[in-house]
Amino acid sequence: MNPRITIATADRVLVQLRHDPRTLALLLFVPSFLLTLLWWIYDGGPVFDQIGPALLALFPFIGMFLVTSVATLRERTSGTLERLLSMPTGKLDFLLGYALAFGLMAIVQALIASGIAIGLLGLEVAGPTWQLITVAVLDALLGVALGLFVSAFAATEFQVVQFMPALVLPQVLLCGLLVPRDELPAVLSAISDVLPLSYAVDAMREVQMNVDSRVWGYVAIIAAFAVGMLTFGAATLRRRTP
Amino acid sequence: MMKYGPGLAAAAPPGDVDHDEAIRITGLRVVRGARVVLDDFDLTVRRGTLTGLLGPSGSGKSTLMRAIVGVQRVTAGEVDVLGLPAGSPPLRNRVGYLTQSPSVYGDLTVRENLRYFAAVLGADKTDVDRAIENVDLASHADNLVQNLSGGQEARASLAVALLGAPELLVLDEPTVELDPVLRRDLWELFRRLAGEGVTLLVSSHVMDEAERCERLLLLREGKLLADDTPTGLLARTGTPNTERAFLHLIDQEAGR
């Protein structure tokens, strides 16, 4: 690993985003738009307070998953990844470069979304806002890690986009957004225990409900999932290919 | 740390056993899918030479080049580059590689692409302008690659391979899609680099280009049909040009 290459890679990814203002705008503002829509649907009532924080966990995860999986797939199919790996680039430089760039995007996204949710839409959060943002950024990194990983198993952009409903939606259904996790049928509840998004939503709930929220346990679990997924992702990057 | 910069092909660093050989391949076997692309393949290339690798598509040119760069999974045999096993870490900024299809970022400008790859290689920033000049893209340096023509995109990709101070350049069809003037200029550049001590292995399926190399390798179905100087090849086959020579050799083989 080489910090110079990691930083250069993160910088390059950000420059690519800058050349694509539409993607940038969608990435930053769609979560806020959806939160506002939801607030409107529930007329700002208690249901919004209930699911708002969960959505703050979901959006960065889904958004970053999509962007990363497509971006990495493009690197694999266009030959740029092969070129980079024939140069002094380490696998970690590549992965962390992406994680750094999209992590930065996630911070901005989370600041905008939570700013609008709390400031404008009156979302009630008992715990400190910075914890909310920390968890949101970590969720985004989880999405980056999962996206990097699944891009190895897709040959086309059609396939990679289909991983969204295949791998992400089940997590959304089981994360406690529709039915609290402990009220799910036993098997499903057990499954939800091993899905990373469940802990992301739990963490958000914790911050929302408690003034002295204990979020670090959840943070550790989410970080462990992200690191594990990045490790699997690194294993799919090969210098020599058949 | 190695030094980089416009001074190409610095003295061979320690670790090199034979200072004369840039590439040494023995008993190379590569299987892709169910197909044996190369089998029991041997090749030695001296430093500071310009070697042309010719052959029809599917003859194994790209596979051979990938093996030399160290991105091809090989079944058996040894590939040593600049005295080290192909693809080993110390080689990664001493070998420049151009893939057959352009591998640059379409959503970056030419200059941004080169800046990024220069940073990865640890090359000097001034090197970016030199590489852009080398491929005659200065007037398009700030255009997004996706807005360039196919030939311009190919040149942007070639510029990346020229960054830093590569001692060995492995170029897979660098002149495809280029107009004659540009092609001539690039071959002049290749010869100049070879004169400065850089070793070049350049593939092409345009036979007449080959005459500008000092050594020709004709590859067909993974076997070397010929390994000669251009004049030697013409003399041996009694043909007026490389294309005829190649056809002659194929007919000869089929006649056996």
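At what angle do helix 5 and helix 6 of chain A pack, and how far apart are their axes? In this predicted model, helix 5 (residues 91-120) and helix 6 (residues 129-150) of chain A meet at about 140°, with axes 8 Å apart. That angle makes helix 5 of chain A oblique to helix 6 of chain A.

**Helix pair in chain A**
- The crossing of helix 5 and helix 6 of chain A is right-handed.
- On the helix 5 side of chain A, the contact residues include Leu95(A), Phe102(A), Gly103(A), Ile107(A) and Ser114(A).
- Across from them, helix 6 of chain A brings in residues including Thr129(A), Leu132(A), Val137(A), Leu141(A) and Leu148(A).
- By type, the residues of this contact between helix 5 and helix 6 of chain A split into 17 nonpolar and 3 polar, with no charged ones.

**Where the chains touch**
- Chain B puts 24 residues in contact with 22 residues of chain A.
- Helix 2 (residues 110-121) of chain B supplies the largest share of chain B's side, at 5 residues.

- Chain B has an open sheet of 4 strands, ordered 2-1-4-5, with antiparallel pairing.
- Strand 2 (35-46) and strand 5 (84-85) of chain B sit at the edges, each pairing on one side only.
- Strand 1 (residues 21-32) and strand 2 of chain B are joined by 8 bridges; Glu21(B), for one, has Arg46(B) as its bridge partner in strand 2 of chain B.
- Helix 1 (residues 61-69) of chain B lies across strands 1, 2 and 4 of chain B, running at about 120° to strand 1 of chain B.

Terms used:
Residues numbered from 1 in each chain as written. Chains lettered and ligands numbered in written order. Predicted model: local features only at pLDDT ≥ 70, side-chain atom pairs only at ≥ 80, totals over all residues. Axes fitted to C-alpha atoms, helices over the stretch in contact; angles between N-to-C directions. Helix = DSSP H or I, 4+ residues; strand = E, 2+ residues; numbered from the N terminus. Parallel < 35°, antiparallel > 145°, perpendicular 65-115°, else oblique. Left-handed = near helix turned anticlockwise from the far one by under 90°. Contact = placed C-beta atoms within 7 Å. Nonpolar A, V, L, I, M, F, W, Y, C, P; charged D, E, K, R; others polar. Pairing = 2+ DSSP bridges.
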